[in-house]
There are 2 protein chains.
Amino acid sequence: MPYKENYPSALLSEAVEAISSLPGVGRRSALRLALHLLKQPAGNVHHFTSAINDLRDNVCYCKRCRMISDEEICSICSDRSRDQRTICVVESVRDVMSIEATGQYHGVYHVLGGIISPIAGVGPSDLSIKELTERVTRLEDPAGAEVILALSGDVEGETTAFYIYRQIEASGIRITSLARGLGFGDDLEYADSLTLGRSLTNRQIFKP
Amino acid sequence: MPYKENYPSALLSEAVEAISSLPGVGRRSALRLALHLLKQPAGNVHHFTSAINDLRDNVCYCKRCRMISDEEICSICSDRSRDQRTICVVESVRDVMSIEATGQYHGVYHVLGGIISPIAGVGPSDLSIKELTERVTRLEDPAGAEVILALSGDVEGETTAFYIYRQIEASGIRITSLARGLGFGDDLEYADSLTLGRSLTNRQIFKP
């Protein structure tokens, strides 16, 4: 090939390299995006890159729940109409956004910032679990409050949930987890047997 | 929704806005990418954005063929082992890379930088057609040289090819276009009738 590393220019090669480091973006898509950016006015490209730099450099996290926020205390934690004694524990910022999108949750959150995973080298001290236990300890009358463990159903999620459970059970706070079962509209025929089995075990009183 | 425009932070919202301006990237993917970048070390993110800024600000184009290049004359144009009298006219940098990847072309290129499209407001003067006609005019003995019109087979491509043909036919240069027909390994049953029809019209002597 006449090109060094198959690219006609080192600048292009480096940009493709950088763009393809994004998750789910292969080298072909990265090339397409790089050539797209090259065709845009310089101002647009600088706006694009500075929006990303700004996000990385200036983002703040809520002091209470570790959610991304523009203020010290996020809009959810500072909303007095929300139930501040129901704390939904989630892995990531995205999970908060997913739950908020349902419009059915009126408590507050606690963002762990990850999940316990020995393979990925993430231990309890890398997450905001200590902050959670302190938050629970500071609650008046914890027995009347609730922590919802809204973590994923895989091994890491269950490990993290169990770890947190052990940390806060002594407080006497009510600890719940998300209901698991068939999705709404799901066909029995296509459900995996584990989900179907748990759906049976956790069956509920039929309320028409 | 408690979030302004559904995002917990204006910085995040702006970054998602910027990322989703890329072609083929929706708002959901943009959010995923923004949150990914947020989790990376600041140095990696700055490297990412500066690679893109560098590309946009410092890229050069070959003075002869308008290909992206780090030098004034690109590595293909300055390669004396290539046939400098066969000029393959393509729409974009990407097309050059596609043809180079075949390893079967040993001439040089001319990158138009687009295609004539009245709908998109792109006319002949927006492309490097004038540079191409000058290049052809400067050739010694143009009758022994060749211009290959390697443009797409749609209306814009055919219009552009025809326009270029009219600009350079007087020079007496040989003007060819890419063979069109069934792809290798294509099934007759699934070919569109236009392609199949042209494949029949342009049939070739069978050489086993």
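At 18% relative accessibility, A:Asn53 counts as buried (buried means under 20% relative accessible area, exposed over 50%, and partly exposed in between, with a 1.4 Å probe and protein chains only). The structure is a predicted model, in which local features need pLDDT of at least 70 and side-chain atom pairs count only at pLDDT 80 or more, while totals for chains, interfaces and linings use all residues. Residues are numbered from 1 along each chain as its sequence is written, chains are lettered from A and ligands numbered from 1 in the order in which they are written, and side-chain values use heavy atoms, with hydrogens and water left out.

A:Asn53 belongs to helix 3 (residues 42–58) of chain A; helices (H or I, at least four residues) and strands (E, at least two) are DSSP runs, numbered from the N terminus. Apart from neighbours within four places in sequence, A:Asn53 is in contact with B:Val45, B:His46 and B:Thr49, contact meaning heavy atoms within 4.5 Å. The contact between the chains takes 55 residues from chain A and 55 residues from chain B. About 5,100 Å² is buried between chain A and chain B, with carbon and sulfur atoms giving 71%; this buried area is the accessible area (1.4 Å probe) that two parts lose on being put together, summed over both. Between chain A and chain B there are 0 salt bridges, a salt bridge being a side-chain nitrogen of Lys or Arg within 4 Å of a carboxyl oxygen of Asp or Glu.

We turn next to the sheet. In chain A, 4 strands form an open sheet in the order 4-3-5-6, with parallel pairing; two strands pair if DSSP finds at least two bridges between them. Strand 4 (107–111) and strand 6 (174–177) of chain A are the edge strands, each pairing on one side only. Neighbouring strands of this sheet are turned by 25 degrees against each other on average, direction ignored. Helix 4 (residues 93–102) of chain A packs on the sheet and touches strand 3 and strand 4 of chain A, its direction making about 160 degrees with that of strand 4 (axes are lines fitted to C-alpha atoms, for helices over the stretch in contact, and angles run from 0 to 180 degrees between N-to-C directions). Helix 6 (residues 155–168) of chain A also packs on the sheet, touching strand 3, strand 5 and strand 6 of chain A.

Strand 5 of chain A pairs in the parallel sense over 4 bridges with strand 3 (residues 83–90) of chain A, and likewise over 4 bridges with strand 6 of chain A. A:Val147 in strand 5 is the bridge partner of A:Ile87 and stands opposite A:Ile175 in strand 6. In a regular strand the side chains alternate between the two faces of the sheet. Here A:Glu146 and A:Ile148 point one way and A:Val147 and A:Leu149 the other, and all are buried.

Over all chains the count comes to 14 salt bridges. One of them joins A:Arg174 and A:Glu146 (3.3 Å, N to O). A:Arg174 lies in strand 6 and A:Glu146 in strand 5 of chain A, so the pair ties together parts that are 28 residues apart in sequence. A:Lys63 and A:Glu72 form another, with their closest N and O atoms 3.4 Å apart; A:Lys63 is exposed at 57%, as is A:Glu72 at 53%.

Finally, the cysteines. The count is 0 disulfides over all chains, a disulfide being a pair of cysteine sulfur atoms within 2.5 Å. The sulfur of A:Cys74 is 3.7 Å from the closest cysteine sulfur, in A:Cys65, too far for a bond.
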